[in-house]
Amino acid sequence: QTALATAREAMVIALREYRSGLLSSNDVVTLQRSRNDAENQSLSSHMNYLKQIMNLRRELGTDLAKIYG
């Protein structure tokens, strides 16, 4: 399971526990930050992957404007 999936699952559980009075709002905010950090890391990793694909295609001589333009 990825860090992002784990963070999302933890958030669902935390909200349930908060509504039941088992967690404080501070705990929920902390988990929200963790989930947001995981989301940002996932997006950043995906963006870097896409950039590397573009660089590889450019290096191989692919006409990127023709494909993506």
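This report covers the model's confidence, its fold and one surface patch.

## Model and confidence

This is a predicted model: local features need pLDDT of at least 70, side-chain atom pairs count only at pLDDT 80 or more, and totals for chains, interfaces and linings use all residues. Residues are numbered from 1 along each chain as its sequence is written, and side-chain values use heavy atoms, without hydrogens or water.

The protein chain has a mean pLDDT (the predictor's confidence in each residue, from 0 to 100) of 92. Of its residues, 99% reach 70 or more. Helix H3 (residues 64-68) has the lowest mean pLDDT among the elements, 84. H2 has the highest, 94.

## Fold and dimensions

The protein chain holds 3 helices and 0 strands. These are DSSP runs numbered from the N terminus: helices are H or I, at least four residues; strands are E, at least two. Along the sequence the pattern is α-α-α.

The C-alpha atoms fill a box of roughly 60 × 20 × 15 Å along the principal axes.

## Surface and patch

Of the 69 residues, 10% count as buried. Buried means under 20% relative accessible area, exposed over 50%, partly exposed in between (1.4 Å probe, protein chains only).

Met47, Tyr49 and Leu50 form a nonpolar surface patch. Leucine 50 lies in helix H2 (residues 25-59). Leucine 50 counts as partly exposed because its relative accessibility is 38%.

Note on methods: Patches are made of residues with over 30% relative accessible area and no salt bridge: like charges are joined within 9 Å, nonpolar side chains (Val, Leu, Ile, Met, Phe, Trp, Tyr) within 5 Å. Accessible areas come from the Shrake-Rupley method with a 1.4 Å probe; for residues, only the protein chains shown count as cover. A salt bridge is a side-chain nitrogen of Lys or Arg within 4 Å of a carboxyl oxygen of Asp or Glu.
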